[in-house]
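Please keep the model open in your viewer and follow the selections below in the order in which they come.

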Amino acid sequence: MTRRFAEIILLVGFLIAAFALYLSTAEYPKMVQGSTATYVRFLSVWLGLLCLIEMGLWLRKRGREEGKKLNVTSAPFRFWSLLILMFIYSILLEYLGFYIISALFLPVAMMVLGARNIWSVALTSGGVLIFVYLVFAKLLGVPLPQATLF
Amino acid sequence: MIFESLQALLAPSSLLAVFIGTVSGVLVGGMPGLTATMAVALLIPVTFVLEPLTGLILMGGVYCGAMYGGSIPAILLRTPGTPAAVATAMEGYPMSRQGHGGLALKVSVIASFCGGVFSTFVLLMVAPILAIFALTFGPPEYFLLAILGLVGIVSMADDESSLVKALISGLLGLVIAVIGTDPISGQLRYTLGLTDLYDGVSFMPALIGMFSISQMLDLTSTKRIVTDTSTLQKIKREPFPKGLKKFVGLGSITGTVVGVLPGEGATIAAFLSYNFARQYSKKKHLFGHGNPEGIAAAESGNNGCVGGSLVPTLTLGIPGNSVAAALMGGLIIHGLIPGPELFSKYGVMTYAFILSLFLANIIFLFIGLTMAPYFARISLIPTPILIPVVCLFSLLGSYAMNNSILDIFVALICGIAAVILHRTGFSLGALILGLILGPIAESGFAQALIIGHGSYSIFFTRPQAIILWAIILVLLIPPIIQISRQSGRKKADVERQSDNSAE
């Protein structure tokens, strides 16, 4: 996918969102039609207009520009692995609780990203969890997610 | 009275409270997701067992320390510890990648110190007069102040297309800020039935996602944050750059004035100061690529907010921002009611508290200058070790704000969206600015229209509004002229090239 194609998809998406936002203001209560509904309509109109202007600028430059590829990352395995690991972490956080899932996430993520020294991985993971326990849980009293599975 | 206040401040318990408060504040501010408001609020029960003055000084130290502390991870890891450090991240992180993290930290701490001291001095000398000025600001002025903050979006652009994309990004931020509860009618808007969205999209998880998580995803393809380690034999103590005084001065004044206005926070102060610096710098082309002038302006702006925010808090009982509100809670619990009595009957305690803020600034200056070279070593940690740790703290910080799992998903979605938006030329700074200023802009706009019975003239007739419009135009016109000139030059170049190739 070229960068320009990705931009156009995004611009079309924003244009549709702007249109839907404008239409949705009709559902606002009558008492705010002259205040917050006006503000939201103002935002949607300008968002739509600017998307059209940007599309116009793209059409003007189309002949002159080469199709540069959209390069999200130069290390796709590590990039997508990290992202998937973080999503898995977020889903399992409520079930396994903070300490268990973090104790799994940290070493797995480090190894996936290329860490090979087992001692560095273990010490860093353990140190971080102890730090969080002492500072967040004990000192600041921030409630951390507890396991609901057991 | 000042002499008695000094004696009270120099008591061992007071000095210890300043030290512990400031150091704790720096640590809390340095952790994304933990805010100064949270830290001050958590300290209130602790102050029950302390003398009222000791408790106040502790909270004041945390406030000062946290406003500085947020800049440390912002510079080293592009992870703002507090929302006010976003502008600092935009200049400080590129400096870290160039191997100048220690210098960026040095500029940050000195600028923070100057901004903090200036605003505390203003608080000491002219608090009651400034409080009267603060009362003259109403909804139309708050709306225009939000516009003033958003005008910064224009100066982030280099050409026509990036200007349009920057504006689209800012509008997207404003649109996302619409999610939640209508400020006038209380109607729920676009919450998809999720109770966690009733208060809108929390900007802290979004900020963590857009700046921290997206940056960690980007770093997966590198071995270290510092791109060229051959230039680094050791973290050297680089000399302080010349010519930063005017930016520090500008930031200090901006931060103090914005801080005086109730409800306006350090984030707006930092961005406004950054924007002013961008306008008046002779090195505009360096902004966004590691310009210490931007750090100096942003940090002096956000610490300048400390003293400024305490002006309406102590004189009128109207908190300058959320941290001041938490502090005011502590004051009231100890029987100290904001108002004239605070400066007369409890004058010794009040002035001792204000003088302690000077001490807090000196303490974090000392910590920052001595520890900066060591903090900067974080940029040498290999990314396979660093990235998971930062991601964990980012996700934890997103959760800790509201104890909401949804906020973690917000951070992740914003992170991946930020990577794609950045690759396609949209501005993350503009987006986060829109998200932060959206609620202020909407409620100011709506309330002003209600007060003005639907007439837009209310935005143009009040003297304060006219002054704000004048400042908006002063900030808006130069970058637009510059972009038009650049666009004209590019067209001329393209025509010359096509003429040459035709020949």
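**Where the two chains meet**

In this predicted model, begin by selecting the contact between the two chains, to which chain B gives 48 residues and chain A gives 54 residues. On the side of chain B that touches chain A, select next α10 (160–176), α18 (383–402), α19 (405–423) and α20 (428–451) of chain B, which are the elements that give two or more residues to it. If you then colour the side of chain B that touches chain A by residue class, you will find 33 nonpolar, ten polar and five charged residues.

**Chain A on its own**

Along the principal axes, the C-alpha atoms of chain A fill a box of roughly 55 × 50 × 25 Å.

Now select residues 3–61 of chain A as domain 1 and residues 76–139 as domain 2; the C-alpha centres of these two domains of chain A lie 40 Å apart. Colouring chain A by burial, you will find that 29% of its 150 residues count as buried. Finally, draw the contacts in chain A between residues at least 6 apart in sequence, of which 64% join residues at least 24 apart.

Note on methods. Residues numbered from 1 in each chain as written. Chains lettered and ligands numbered in written order. Predicted model: local features only at pLDDT ≥ 70, side-chain atom pairs only at ≥ 80, totals over all residues. Domains from an automatic or database assignment. Buried ≥ 20, exposed ≤ 12 C-beta atoms within 10 Å, placed from the backbone. Contact = placed C-beta atoms within 7 Å. Helix = DSSP H or I, 4+ residues; strand = E, 2+ residues; numbered from the N terminus. Nonpolar A, V, L, I, M, F, W, Y, C, P; charged D, E, K, R; others polar.
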